[in-house]
Each structure stands twice: as C-alpha cells, then as structure tokens.
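Please read the following report alongside the sequence and the model.

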Amino acid sequence: MKKSNVVQPYDLESINIKNWVTKSNILIESTYKLSLQEQRILLIMASKVQPNDETLKTYRFRAKDFIEIVGNKKGTGFYSYLKEIVNGLQTKILTIKEKGRQRNYNWVITSIYEENEGYITLQFHPSLKYLFLELKEKFTSYQLENVVRLNSVYSIRIYELLKQYERLRKRELTLEELRHFLAIEPTKYKQYGHFKSKVLAVAQKEINNKTDIHFEFVEIKTGRKVTSIEFIITSSPALNGTNPSEVKKLKSTQSSLDLLDNEKENGLHYDLVSLGVKPEKIEWVLSEFTKEQVERNVKYTQDRLVIGDITHPHSYVIKAIQKDYAKVSQESKVATPKKSTKKELVPDFMIEAEDKERAFENLTLKEKQELFYEENGTQIEFEKRLLQFQELRKMLVLNSEEPNQEELKKAQEAAVQEVLRNMNEDLRKRGEVGLKPRLINDFENKELREIYRTFLHKQVLKK
C-alpha cells in the first residue's frame, strides 16, 4: 500500500465521550451555521482541550473513530464523507460580536487528511484561544456525551444555551434572539407553529431524553402573538452510557458493583456542584453521610428550588442532608394521612410547600429572622447577586446585534429594572419577618447605593 508523504509528529488521540467541553459564554452566544456533522467534529476537538494547555494544540485522530461519532451519509464511503466534511469546515466562519465590534474567524486552521493511512489532523484557529483557554469566569462546561447523542443542530445549540443558565433554573429569550443564536434564516420557519414543531419540540424531546438537563417552556405573548420563550431548566441524573446487556454482565462481579456505586456517587457529585456546593463541602458530605441520605435530600432540595421555595440552594442542601429534611417530611406525611380523597390528587411538592408554610408560621420572630439570614446570605452576597442579575439582563438585551447608543441605553434601563425588582422582593421578605429595610449606607457598591436610594424614595412616595 502506498504511504502518505505527510510526516505527522502528533500523537494519536482517542475519543472519550466522558471528556468535558468547556467554552466561553461568548462562544455559546455567538452566531454560526454548521451542519450536525461539523458541530460534532468541533465538539470532539473541544473535548480534547485541557484547562492547563497554553495553546490550542493540533490533534490527530483515526478517521474510523471519528466516523463512529460523527455518522455517515447513506451510500457514501465514510473516508470520502469525512474528508468532505473536514474540507468544508475550513470555509465556515464564526462571528463574534463583542464590545461593539464584529469579528469573523475561521474555525479550523489546520486540516490534514491522510487518505492512505486513515488519519485526520485538526487544529482550532489560534485566535480562538481566549474562547477555550484561561477561562476564569463566564464559561460553561458539560460532558461530550450530552451533545454527541443529539441528532439536531438546533438541539445542540439549545442545550448549550440552557446549560449556561442551569444554576439559575430559568432563561427567557425573545424569538428574535433565539432565531439569531440558532442561525435560522428569516425565510425559514416564519410561522411560530412551524418553529415550535420543528425546533422547540424536537430539541425538548432530545434534550430531555438524552442529556443531563430537562426543560419545559412557556410561551410569552404580546397581544395574541408569541414573542418570547421562557425555559424552565432542571438538572437530570448524569448519563451512564451503559446499555442493559452490559449492566447485566457487570452485575455478575463485585468490581461491577463498585463501578455502579462510583457512577452513583459521581451523579451525586454532579448534582451537588449544580446546586453550587463547594468541592471541599462535597467531599465532606459524601464521606460523612450515606449515599441514600445525600441522594434523597439532594432531590428534596431540587424540588424546593423548582417551586421557588429557596434562594440559596448551596447552603440549604447541606442543612437538608445534615437534618435529613426529606426523611422528616416523608415521616410527617405518614403520621398525618390526608382524610379527603380529593387531597390525594394534589402534587407532593404543593403539599410540602403548604407544610413548610404552616411550619414557618409557627416559628418565633427570632427564628424567622435567622431563617431569612440563612437563606439570603450577607449584605455582600446580596450585592453580588444583584450585580449578577443586572449583568445577565443587560446581556440578554445586547446579545442579538451590534449595540448602538439607543440600544445601550435600553439595556442599562432593563438592567436597573431587574435590580429594582430584586430589591422590592428583598424588602417584602424582610417585612414578613419583622426586619427593617436595608440602609442606603449598607451598600458598598456605589451604583447599587444610588439605585437603592431612588428605590426607597419611591417607596416613601407610595405611602
């Protein structure tokens, strides 16, 4: 067999769908149009990037390994098909809009296909380094297996947009913003009904069945027209990637039981991370309490979070595990069975919310105040939260196109309104537990201090 003349010094890379993909949020919210196969290739490359890498490296893969993940076109030799995809990638453009500027990049700078050897060599464009490496804030991570299983280009993009907001549990996007992120042409899916059935419904089915998150969506209307979508995001158990026959074989040995136990612990670890628990706390919890106790209280906390019962899940879940809230709640239900048959039709989370409300009413004023401080944190944490909400609202207004002065003003106004909304909610909660309003001088941040001053002034005028 004739050998390729290309001398390739790079090590051969394996493809592991358990690897993590980490991207800057700028990249997730950028505009690009790629085929499903092209997206899968770039995601495989992204999963090879390591946090301690100093540059975007060159990767060399077996073409056969690649095609198993990427897929093949019916009636086409997979080597020819892969070569066609790789060649096409070098012509595809990534558009980044940032700080009033638009930058266009090629995704791939190096693309070598060794036909006779059956290898493929790829390298991201060096200019993309800041979107993959040295990321200290505003980035999103997920395991490769969550996206390579998806069969729609829109499902992959929507997964990333929702994963970005997983900890906030909600994300609202206008249809215009969503179409922009998904790079859908103006003439395609013009009717909302078509967009809903071909994009949203397909993505929902795929993401809910194949990934580590689950979402529902609410249509927001202006008049009779749907203009925005609110996504409700919850975390799902980590994927294990094991088929039933493999599980049956594994269960025949003690080592397999250990493996399954580790997978369960990894799933709990992931859930605790998604709730905002720090690594050292996770290590302590998993070593101090049984997995069953941790698991039921993580679920208990996730349910409370979905219905808006708690605002600081990272501290609440630790206390829930320590005091085994889930078990206490279950025992209280058994001890006081519901008399009315109709009551059994009420969802558990609503019954538990009512139980919690009754328990809250029985607390002393001091206990209510202590609970408030525990769930809402310090003044510094409150300010930090306000600034995060402010920044997120501003990004939602600005991220669809290059901002002009009018749009910048609109974004700033929307951000201030978001802060005011949260200040109003805080004032209401403090009133419920007999606490006085925060003082203007309590605020360290100058901008927040002035917003709060205006807010208090309006409250006085209302009275």
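## Strand pairing at E7

The bridge partner of Tyr59 in strand E7 is Leu122. Strand E3 (residues 58-62) and E7 run antiparallel and are joined by 5 bridges, where two strands pair if DSSP finds at least two bridges between them; helices (H or I, at least four residues) and strands (E, at least two) are DSSP runs, numbered from the N terminus. This is a predicted model, in which local features need pLDDT of at least 70 and side-chain atom pairs count only at pLDDT 80 or more, while totals for chains, interfaces and linings use all residues. Residues are numbered from 1 along each chain as its sequence is written, and side-chain values use heavy atoms, with hydrogens and water left out.

Strand E7 (residues 119-124) is mostly covered, with 6 of its 6 residues buried, that is, under 20% relative accessible area, against over 50% for exposed and in between for partly exposed (1.4 Å probe, protein chains only). Tyr119, Thr121 and Gln123 point one way from E7, whereas Ile120, Leu122 and Phe124 point the other way.

## Nonpolar cores

The largest nonpolar core has 69 residues, of which Ile41, Trp107, Phe124 and Phe231 touch the most other members; such a core is a set of buried Ala, Val, Leu, Ile, Met, Phe, Trp, Tyr and Cys residues joined through side-chain atoms within 4.5 Å. Helix H2 (residues 36-48) supplies the largest share of this core, 7 residues. Apart from it lies another core, of 19 residues, including Ile282, Leu286, Val294 and Val298.

Not counting residues up to four places away in sequence, Phe124 touches Leu42, Met45, Ala46, Val49, Leu56, Trp107, Ile109 and Phe132, contact meaning heavy atoms within 4.5 Å.

## Helix packing

Helix H6 (residues 153-163) and helix H8 (residues 192-210) pack at an angle of about 70°, with their axes 9 Å apart. This angle makes H6 roughly perpendicular to H8, given that angles under 35 degrees count as roughly parallel, over 145 as roughly antiparallel, 65 to 115 as roughly perpendicular and the rest as oblique. Axes are lines fitted to C-alpha atoms, for helices over the stretch in contact, and angles run from 0 to 180 degrees between N-to-C directions.

## Gln379

Gln379 is found in helix H17 (residues 379-398) and counts as buried at 18% relative accessibility. Its side chain makes a polar contact with the side chain of Arg438 (2.7 Å), a polar contact being a pair of N or O atoms within 3.5 Å; within protein, one must be able to donate a hydrogen and the other to accept it, and residues adjacent in sequence count only if both atoms are side-chain atoms.
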